[in-house]
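Thanks for coming. I will walk through one structure, helix by helix where that helps. Please have a look at it first.

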Amino acid sequence: MNALIAWPGFAGLLGATEIPDWYLKLPAVNAGLNALAGLMLIVGLVLVKRRQVDWHRRIMVAAFFVSVIFLACYLVYHAGLSHYTGSHGKAFGGVGAIRYVYFAILISHVLLAVAVPVLAIITLRRGFKADWVGHRKIAKITFPIWLYVSITGVVIYFMLYHL
């Protein structure tokens, strides 16, 4: 079933735009994927601390693929947002101090999110090459940034859609 939504400005030009229900669920799906990636990162850390290296490797590779799926869904959502509404993003509706908090989280999230794919690939590559010294060194940088981006992705979703 499709939701029929008339977007201000856009609807007047082309008439009501039909937006598929699956598309409207993408922000929640993206938040879920971010949460899952964050949980997997924490589990991966626990596993390596317990010296369960094989399971650590598996969960970290899975976390990477969850993040890749997130990125694909995120890009589909923003392409659809532009297509269906003519907008490039969802505006934050909060006012006052919460607005500053939101933008501080958003800006730090976006800036660090750009680094995550590069850091994650370098970290995984060093792990696969059994370069344990290099892997540990970069993982100490990658892990907190990737976890921060995963957690703040969920926070941003709740602030945008539920505040």
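Helix 3 covers residues 26–49, which is 24 residues. Helices here are DSSP runs of H or I with at least four residues, strands are E runs of at least two, and both are numbered from the N terminus. The expected span is 1.5 Å times one less than the number of residues, so helix 3 should span 34 Å, and its end C-alpha atoms are 34 Å apart, which agrees.

This is a predicted model, where local features need pLDDT of at least 70, side-chain atom pairs count only at pLDDT 80 or more, and totals for chains, interfaces and linings use all residues. Residues are numbered from 1 along each chain as its sequence is written, and side-chain values use heavy atoms, with hydrogens and water left out.

Among the buried residues of helix 3 are L26, N30, G38 and L41. Buried means under 20% relative accessible area, exposed over 50%, and partly exposed in between, with a 1.4 Å probe and protein chains only. The buried residues of helix 3 pack against helix 2 (21–24), helix 4 (53–85) and helix 6. Just after helix 3, R51 has a positive phi of about 65°.

Next, the cores. A nonpolar core is a set of buried Ala, Val, Leu, Ile, Met, Phe, Trp, Tyr and Cys residues joined through side-chain atoms within 4.5 Å. The largest has 27 residues, and Y23, L41 and W146 have the most contacts inside it. Helix 4 gives the largest share of this core, 10 residues.

Last, T142 sits in helix 6 (residues 132–162). T142 counts as buried because its relative accessible area is 3%.

Methods:
Contact means heavy atoms within 4.5 Å.
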